[in-house]
Amino acid sequence: FFSKLHTMKKVDLLLCFITLALIIFYVGIGPDSDRVDDLSMEVEARVMNLWKKRISRFSLLSTTRNMTNNTNGTSNTPWTPGTGSGTFFNAVLNTPGTTTVTGILSFKGTTTISASQIFLGDGLLTFSGLVLLSSRLEIGTKGGFTADGATFNLTNGAIMLFMKVTGATGTILFQSSTINLVPGAIVQFKMLAAFKSSRMLGRGTCKCDAAGSGINSGGLKPSNNTWAVLMEIITSTSRRRLAATAFDSGSKVDWCGDDGSGSDVTVGSGDALKIDTQSSCGSSTAGNLIISSGGYLVFDSVSASSVGSSATSFSLSSSATVEVLTISAAVFDVTLLTYTASSCYSTWKSNIATCASGYTCSIYSSGPTNGKCMIKFKSEMPSGGSNSGLYALFGLFAIPVALIFLFIIYKMHKKKELMSYPVVDTYPTTSYPVVDQAVEYPILNTPEPEQF
């Protein structure tokens, strides 16, 4: 009885103590104490039955509330490997197993994964809350994966692997989530994943190591992502780049205003770090940036309004490629990357995929200035470029005019050949006698003028 006192309301407690006081009064000093003693026992029994009913009703309501919306974070049905749909709170996954996800399988609250788990199937796997991972977690669901407001803590040796999925209908999305990686922990992507307003922290490793794998912002500008890990953009099997502006044969990480100032980023052969330079993204920052032989550093959407990025330290192989995708037909000169160094890189492979017609474009090095080096891009008109452009325009215009003129002459010539004329009869000409002698005419003597 006394163990239930803390669950009682004040009014109920007052009623209980008044009842007990009356019982004690009548039993101890009141008349007919024996009869009152029997009565007090009956009253006490009734009071106890009343409180038992109230406590039972309270427990039933609490259980119903937990089953309905899990406000206390308690699941009434523990998750077991093989359960492919449903919502589970505070699940403990301590038995190795493979699960085929058939619908939406959601884990909320605090999820503990201490044994190897594999999730396959056509459904969608979601996590929110806290996830404690100390084993291997493999995800290959066709319906996709979503982490919304989740925090993943990976211990040493833990691996979170997103497998290559053929015929995937969903996407991999981290929304407002955090992944904490201690040294020795790995997050590995073998397909494309989107990070929006999310963070990956610690000294563990993030790997993109398969053809078509990578990370982007899912269209969010800026991405609001933070990277403070060892990021390896290295395809496990060496492949050459197949398309001029695509990396389907390798791995690619896209940054749009990403904060990677605490990261070490390494780009392998045929792989790329692609930085969006649009003002809507803002400046991206890298810690230690290494572009290995055959790797690509790509600057996208370059124009006069582009925003430059920066790196604390920078290593660029002479066999690496710096690539620019420009969207502007104009004369401009912009800084793409600023890095700290006492001497600047000046030798690399340049690839300018979309220099505007009539312009000359170049990627060049500048500095050092106050301990800073810069990679820059210039778009300019060639000398006499304005007149050359006009001459070229006139030349293009003259071609169709000449063709039309020749066509008109041809048509006139054909018409002339087809014209018919009437036949004219010829008649003999009249002959006249030839006069041999000249006709002589008399000479008239003119009188002399009179003298006055």
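Glu138 is buried, at 14% relative accessibility (buried means under 20% relative accessible area, exposed over 50%, partly exposed in between, with a 1.4 Å probe and protein chains only). Its salt-bridge partner is Arg136, which is partly exposed at 31%. The model is predicted: local features need pLDDT of at least 70, side-chain atom pairs count only at pLDDT 80 or more, and totals for chains, interfaces and linings use all residues. Residues are numbered from 1 along each chain as its sequence is written, and side-chain values use heavy atoms, without hydrogens or water.

**Salt bridges**

- The structure has six salt bridges (a side-chain nitrogen of Lys or Arg within 4 Å of a carboxyl oxygen of Asp or Glu).
- Glu138 and Arg136 pair at 2.5 Å, N to O.
- Asp254 and Lys252 pair too, with their closest N and O atoms 2.6 Å apart.
- Asp209 and Lys190 pair at 3.3 Å between the closest N and O atoms.
- Asp209 sits in the loop between β16 (205–208) and β17 (214–216), and Lys190 in the loop between β13 (186–189) and β14 (192–196), so the pair ties together parts 19 residues apart in sequence.
- Strands here are DSSP runs of E, at least two residues, and helices are runs of H or I, at least four, numbered from the N terminus.
- Asp209 is buried at 9%, whereas Lys190 is partly exposed at 24%.

**Nonpolar surface**

- Ile399, Leu403, Phe405, Leu406 and Ile409 make a nonpolar surface patch of about 530 Å².
- Patch residues have over 30% relative accessible area and no salt bridge; nonpolar side chains (Val, Leu, Ile, Met, Phe, Trp, Tyr) are joined within 5 Å, like charges within 9 Å.
- Areas come from the Shrake-Rupley method with a 1.4 Å probe; for residues, only the protein chains shown count as cover.
- Ile399 lies in helix α3 (residues 385–418) and is exposed at 51%.
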